[in-house]
Amino acid sequence: PQLAGAHSASGEARLMARLERLRYFPSAARARRQQGTAWVRASVDRSGRLRTLLLERSSGGPMLDEAALQTFRRAQPLPRIPDDLPAPQERVVPVEYYLR
């Protein structure tokens with residue numbers, strides 16, 4: 001299954017770029033040097049609104065997991081689903097938190 005806007009390479013790139021712009025690394029998690037990847041499952045309606053959002057797999061840090069979920073909430077509305085594709089659409093997306 002694909003998330004709204006992921007119907008093409010350019011749609012996928014736009015979606016991922018939007019999520020990346022809105023992703024934040026909680027300062028408390030950064031100070032504790034927490035790192036990991038949270039896997040988020042999102043179901044999106046035709047207009048780009050979240051229907052369901054859940055943590056599919058933990059990053060290992062509750063602050064990072066919550067930040068990953070908040071990234072999707074802030075990104076609404078996501079790119080709308082074109083009329084020629086079924087809706088809602090669902091996808092599992094990794095949200096990475098690594099110190100550089």
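Let me start with one definition: two strands pair if DSSP finds at least two bridges between them. Keep that in mind for the sheet. One more thing before we go on. What you see is a predicted model.

Look at one pairing in detail. Strand 1 covers residues 36-44. Strand 1 pairs with strand 2 in the antiparallel sense, over six bridges. To find your place, pick Ser-43. Opposite Ser-43 stands Thr-52, in strand 2.

What packs on this sheet?

Step back to the whole chain. The protein chain holds three helices and three strands. Along the sequence, the pattern reads α-α-β-β-α-β. So much for the layout; now the contacts. Take contacts between residues at least 6 apart in sequence. Of these, 73% join residues at least 24 apart.

How much of the chain is buried? The chain has 100 residues, and 38% of them count as buried. The accessible surface comes to about 5,600 Å². Carbon and sulfur atoms account for 50% of that surface.

Next, the charged side chains. How many salt bridges are there? The count comes to five. I will show you three of them, starting with Arg-41.

Arg-41 forms a salt bridge with Glu-56. The closest N and O atoms are 2.8 Å apart. This pair links distant parts of the chain. Arg-41 lies in strand 1 and Glu-56 in strand 2, 15 residues apart. Are these two buried, exposed or in between? Arg-41 has a relative accessible area of 24%, so Arg-41 is partly exposed. Glu-56 has 40%, so Glu-56 is partly exposed as well.

Arg-41 has another partner. The side chain of Glu-90 meets that of Arg-41 in a salt bridge, at 2.7 Å from N to O. This pair also links distant parts of the chain. Glu-90 is in strand 3, Arg-41 is in strand 1, and 49 residues separate them. Glu-90 is partly exposed, with a relative accessible area of 28%.

Why is Asp-83 called exposed? The relative accessible area of Asp-83 is 64%, and exposed means over 50%. Arg-80 comes out at 45%, so Arg-80 is partly exposed.

Then go to Arg-41, with its salt bridges to Glu-56 and Glu-90. That is my tour. Thank you.

Technical notes. Residues numbered from 1 in each chain as written. Predicted model: local features only at pLDDT ≥ 70, side-chain atom pairs only at ≥ 80, totals over all residues. Heavy atoms only, no water. Helix = DSSP H or I, 4+ residues; strand = E, 2+ residues; numbered from the N terminus. Buried < 20%, exposed > 50% of the residue type's maximum accessible area, 1.4 Å probe, protein only. Contact = heavy atoms within 4.5 Å. Areas by Shrake-Rupley, 256 points an atom, 1.4 Å probe, with all protein chains shown as cover. Salt bridge = Lys/Arg side-chain N within 4 Å of Asp/Glu carboxyl O.
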